Amino acid sequence: MKSTMRRNRKIVIAALAVLILPTIFLLKYISAPPVAGEELVPLADSPDMSAEAKALSGSSAAVTTDATVEASGVKTVSAGGATIDYSNVEDGYVMVKYTDSTDKKLKVQVKGPETVYTYNLKAKKWEIFPLTDGNGKYQVLVLKNIADSRYSIQTTASFYVELEDEFAPYIRPNQYVNYADAPKTMAKAKSLTKKKKSALKKVDAIYDYVVENISYDRKKAKTVESGYLPDLDSVLKKKKGICFDYAALMTGMLRSQGVPCKLVIGYAGTAYHAWISVWVDGKGWIDNVIYFDGTQWKRMDPTFASGGNKSKSIMKYIGDGKNYTAKYFY
């Protein structure tokens with residue numbers, strides 16, 4: 001019995017080393033809220049997931065299957081070459097565009113009632129940023145690199161958010177889950193869920209597809225550059241990706257089919273990791289479970305489940321909520 005437990009523990013540790021260590025490498029770029037005054041000084045407090053990201057092509061403003069996302073121009077602030085459009089905050093998002101040409105790094109910070117989120121920004125295109133801190137006062141800042149790790153504040157917008165729908169931030173596309181620019185992903189999700197009437201059955205179908213068809217890309221994990229964002233159609237075509245890709249693909253698929261879904265960044269043990277949570281009517285947010293195997297629910301973490309080939313030891317680790325600590329929601 002003891003030898004079996006030791007063997008299972010070794011399997012879990014080995015699997016985690018393969019899957020988590022690349023994620024640690026990807027998340028080494030970190031930043032924090034701006035201090036008073038002109039400059040932003042990064043601190044080791046708020047992870048900047050842009051280290052796992054590459055700019056997506058095309059405009060972020062789009063009409064999706066389930067929600068319209070647009071920079072409507074009703075409420076805007078413009079200065080320093082940047083525009084913040086906060087016309088639709090009740091729908092859980094803001095849009096930002098840096099209109100001037102620049103070779104300097106650009107950042108956007110969304111400061112909610114409790115959490116600060118830091119994103120990369122590409123010039124000349126609208127980007128969507130979710131308001132995932134719920135109702136309350138927000139401040140959005142557009143920042144431009146001036147030297148080393150110092151940033152100047154180009155423009156800011158402050159506003160109060162009262163969401164018309166608590167699920168609004170988790171059904172629309174955003175910079176991290178841009179299914180609006182992924183028609184093949186939406187088509188695949190629609191095909192997988194065509195005969196699935198309940199949200200839970202849609203979750204099952206999409207989860208099984210991702211876990212059984214997407215493999216972990218170790219080469220990409222070693223070579224990914226700062227500024228990367230998951231291109232969902234590319235991941236779907238190549239059938240492989242890093243931790244961030246797994247979670248973003250499943251999140252985008254579910255959202256495109258009307259299932260509220262959170263892409264969650266947090267800790268698996270002591271390492272940064274990405275997973276998802278979904279809303280199922282009558283059950284609420286399923287934060288640590290994914291499907292019913294006849295006796296119990298299993299955690300919705302597609303990276304570990306796929307990389308571990310659904311082995312009993314991996315699924316046991318995944319199913320233990322104590323191994324996960326959520327920090328950021330997208």
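**Figure 1. Buried residues of helix α3.** Leu200, Lys202, Val203, Ala205, Ile206, Tyr207, Tyr209, Val210 and Val211 are the buried residues of α3 (buried: under 20% relative accessible area, with a 1.4 Å probe and protein chains only). The model is predicted, so local features need pLDDT of at least 70 and side-chain atom pairs count only at pLDDT 80 or more, while totals for chains, interfaces and linings use all residues. Residues are numbered from 1 along each chain as its sequence is written, and side-chain values use heavy atoms, with hydrogens and water left out. Helix α3 covers residues 199-213 and spans 21 Å from first to last C-alpha, close to the 21 Å expected for its 15 residues at 1.5 Å a residue (expected span: 1.5 Å times one less than the number of residues). Helices are DSSP runs of H or I with at least four residues, and strands are E runs of at least two, numbered from the N terminus.

**Figure 2. Helix α6 and the residue after it.** In α6, 14 of 14 residues are buried. From its first C-alpha to its last, α6 reaches 20 Å, close to the 20 Å expected at 1.5 Å a residue. Gly258 follows α6 and has a positive phi, near 80°.

**Figure 3. Packing of α3 against α6.** The two axes are 10 Å apart, and α3 and α6 pack at an angle of about 150° (axes are lines fitted to C-alpha atoms over the stretch in contact; angles run from 0 to 180 degrees between N-to-C directions). The helices α3 and α6 are therefore roughly antiparallel (over 145 degrees; under 35 is roughly parallel, 65 to 115 roughly perpendicular and the rest oblique). On the α3 side, the contact is made by Lys202, Val203, Ile206, Tyr207, Tyr209 and Val210; Tyr246, Leu249, Met250, Met253 and Leu254 contribute from α6 (contact: heavy atoms within 4.5 Å). This contact of α3 with α6 has 10 nonpolar, no polar and one charged residues (nonpolar: Ala, Val, Leu, Ile, Met, Phe, Trp, Tyr, Cys and Pro; charged: Asp, Glu, Lys and Arg; polar: the others, Gly among them).

**Figure 4. Packing of α2 against α6.** Helix α2 (residues 183-192) packs on α6 (residues 243-256) at about 65°, with the axes 9 Å apart. That angle makes α2 roughly perpendicular to α6. Thr185, Met186, Lys188, Ala189 and Leu192 of α2 meet Leu249, Met253 and Ser256 of α6. By class, five nonpolar, two polar and one charged residues form the contact of α2 with α6.

Key
Buried means under 20% relative accessible area, exposed over 50%, partly exposed in between (1.4 Å probe, protein chains only).
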